[in-house]
Amino acid sequence: MTAPRVMIYVQHLLGVGHLHRVAAIARAFARHGWETLLVSGGMPDPTLHGLDGVRFEQLPPARAKDASFRILLDETGTQITDEWRAMRIQKLQDIFDRFAPDALLTELFPFGRRPMRFELLPLLAHAKALVKRPAVFCSVRDILVDRTKPERDLDSIAWLQDYYDAALIHGDPAFVPFEKTFPLAERIADRLHYTGYIVERHSIPQTTAGKGEVLVSAGGGAVGLPLFHAALAARPLSAAHDKPWRILVSPHEKPEAVEDLRRMAGDGVIIETVRPDFSGMLRHCLLSISKAGYNTVMETLASGARAVVVPFAGGEETEQALRANLLADRGLLQVLRESDLNPAKLAHAIDLALTAPRPDGPGIRLDGTDETVRLVRSFVDRRT
């Protein structure tokens with residue numbers, strides 16, 4: 001019996017969280033015996049590891065110019081053109097045709113990534129027209145960004161109903177129901193399936209690094225410098241002033257900025273690039289200080305680490321702050337608003353986190369990778 005085949009599309013535009021989340025899903029499919037293809041349209045990410053058993057296709061990359069996501073640039077920093085779009089449409093469809101998947105997952109779209117509809121709508125129409133069409137799914141996190149243009153929600157519903165079998169929501173409705181940030185969810189309730197949160201739980205690196213340390217991180221995007229500067233200045237003001245600290249910087253940060261951090265650091269502080277064993281380090285660190293991206297927060301909850309998070313608030317982003325504040329209400333972490341980020345307030349948040357009990361389980365579902373595979377398999381099996 002031939003193995004089922006799944007193709008997963010992801011386009012990260014600013015940070016790399018979307019890419020790493022779907023990589024965890026891809027690994028789960030491979031672990032369950034699927035032939036798995038991960039197609040990325042974002043900039044290549046040197047921190048992406050552990051794709052053994054997963055095929056990987058890199059499209060000609062694109063990124064957002066800034067947090068507004070309104071202008072897309074190619075790998076040379078040039079604004080993309082209609083010719084570039086036509087080229088991507090063809091390459092994406094060629095990849096799809098060669099692989100001939102039984103299941104197709106598009107990350108975030110149709111609830112986001114509207115700038116990529118130029119290539120996704122043709123792909124979805126092409127898949128729908130096949131005699132043996134694949135089961136088609138949207139892979140979407142629990143919380144959407146602030147809906148400043150409600151008419152776009154109607155587009156999302158129309159596209160979901162036209163092209164998709166289901167939306168796989170990577171969250172727990174007992175914690176955050178999808179309708180909290182997508183008010184029209186009731187109209188498509190029959191297509192919404194919750195998976196639990198996505199956390200890599202099967203290939204956690206074993207490491208002794210980070211034991212008893214304060215870990216400061218900001219994910220894989222080049223957005224961490226304000227947090228790193230505040231952390232270095234907060235260290236002598238905090239109860240962890242005599243503990244070892246480790247700052248994990250993105251490989252996308254400018255080398256001169258990293259050298260400035262090293263000059264500021266002083267004794268007892270390690271400055272190094274983001275490590276593939278970060279999730280293992282979290283399990284025995286003293287404290288995690290980080291941005292509040294979905295992946296980092298879920299890895300931190302799964303590890304049981306004490307934590308201070310500073311949600312990203314650029315552009316129209318509200319997702320990180322909403323999730324972080326709900327978790328803080330449960331006593332699972334400390335939140336410091338980005339607008340309040342200064343050494344004194346960060347030191348205070350650190351002290352609060354260190355005096356609080358270590359979290360004893362998050363009380364929310366963290367089985368999202370395996371449940372995603374199970375749900376997709378159930379739809380594919382109905383077609384055979």
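Predicted model: local features only at pLDDT ≥ 70, side-chain atom pairs only at ≥ 80, totals over all residues.

**Stop 1: the seven-stranded sheet**

Start by colouring the open sheet of 7 strands, ordered S3-S2-S1-S6-S7-S8-S9 with parallel pairing. Pick out residues 54-58 (strand S3) and 192-194 (strand S9): these are the edges, and each has a single partner strand, so one side of each lacks a neighbour in the sheet. From one strand to the next, the twist averages 25°.

Now zoom in on the S3 end. Strand S2, residues 35-40, runs parallel to S3, and 5 bridges join the two. Select threonine 36 and you'll find valine 54 of S3 opposite. Then bring up helix H3, residues 117-129, which packs on the sheet and touches strand S1 (5-10), strand S6 (103-107) and strand S7 (135-141). The direction of H3 makes about 160° with that of S6.

**Stop 2: the loop between S6 and H3**

Which peptide bond here is cis? Select phenylalanine 109 and proline 110: the bond joining them is cis, with omega about 15°. Proline 110 sits in the loop between S6 and H3. Stay in that loop for arginine 113, which has a positive phi of about 60° despite not being a glycine. Is arginine 113 buried or exposed? Buried, with a relative accessible area of 11%.

For another positive phi, jump to alanine 100, where the value is near 50°. Alanine 100 belongs to the loop between helix H2 (82-99) and S6, and with a relative accessible area of 47% it is partly exposed. As background, most residues other than glycine have a negative phi, and most peptide bonds are trans.

**Stop 3: the nonpolar cores**

Switch to side chains. The largest nonpolar core has 47 residues, and Ile8, Phe29, Leu38, Phe137 and Val376 have the most contacts inside it. Helix H1 (residues 17-31) supplies the largest share of this core, 8 residues. Centre the view on phenylalanine 137: leaving aside neighbours within four places in sequence, its contacts include Leu105, Tyr164, Leu168, Val376 and Phe379. There's also a second, separate core of 41 residues, with Tyr9, Phe118, Val140 and Ile188 among them.

**Stop 4: the six-stranded sheet**

Next, colour another open sheet, this one of 6 strands in the order S12-S11-S10-S13-S14-S15, with parallel pairing. Its edges are strand S12 (269-273) and strand S15 (334-335); each has a single partner strand, so one side of each is left without a neighbour in the sheet. Strand S10 (residues 214-217) pairs with strand S13 (residues 287-291) in the parallel sense over 4 bridges. Select valine 214 to see one end of a bridge whose partner in S13 is leucine 287.

**Stop 5: a helix pair**

Last, select residues 225-234 (helix H5) and 255-265 (helix H6), which pack at an angle of about 10° with their axes 10 Å apart. The two helices are therefore roughly parallel to each other. Show side chains where they meet: Leu225, Phe228, His229 and Leu232 in H5 face Ala257, Leu261, Met264 and Ala265 in H6 in direct contact. By class, that contact has 7 nonpolar residues, 1 polar and no charged ones.

How values were computed:
Residues numbered from 1 in each chain as written. Heavy atoms only, no water. Pairing = 2+ DSSP bridges. Axes fitted to C-alpha atoms, helices over the stretch in contact; angles between N-to-C directions. Contact = heavy atoms within 4.5 Å. Core = buried A, V, L, I, M, F, W, Y, C linked by side-chain atoms within 4.5 Å. Buried < 20%, exposed > 50% of the residue type's maximum accessible area, 1.4 Å probe, protein only. Parallel < 35°, antiparallel > 145°, perpendicular 65-115°, else oblique. Nonpolar A, V, L, I, M, F, W, Y, C, P; charged D, E, K, R; others polar.
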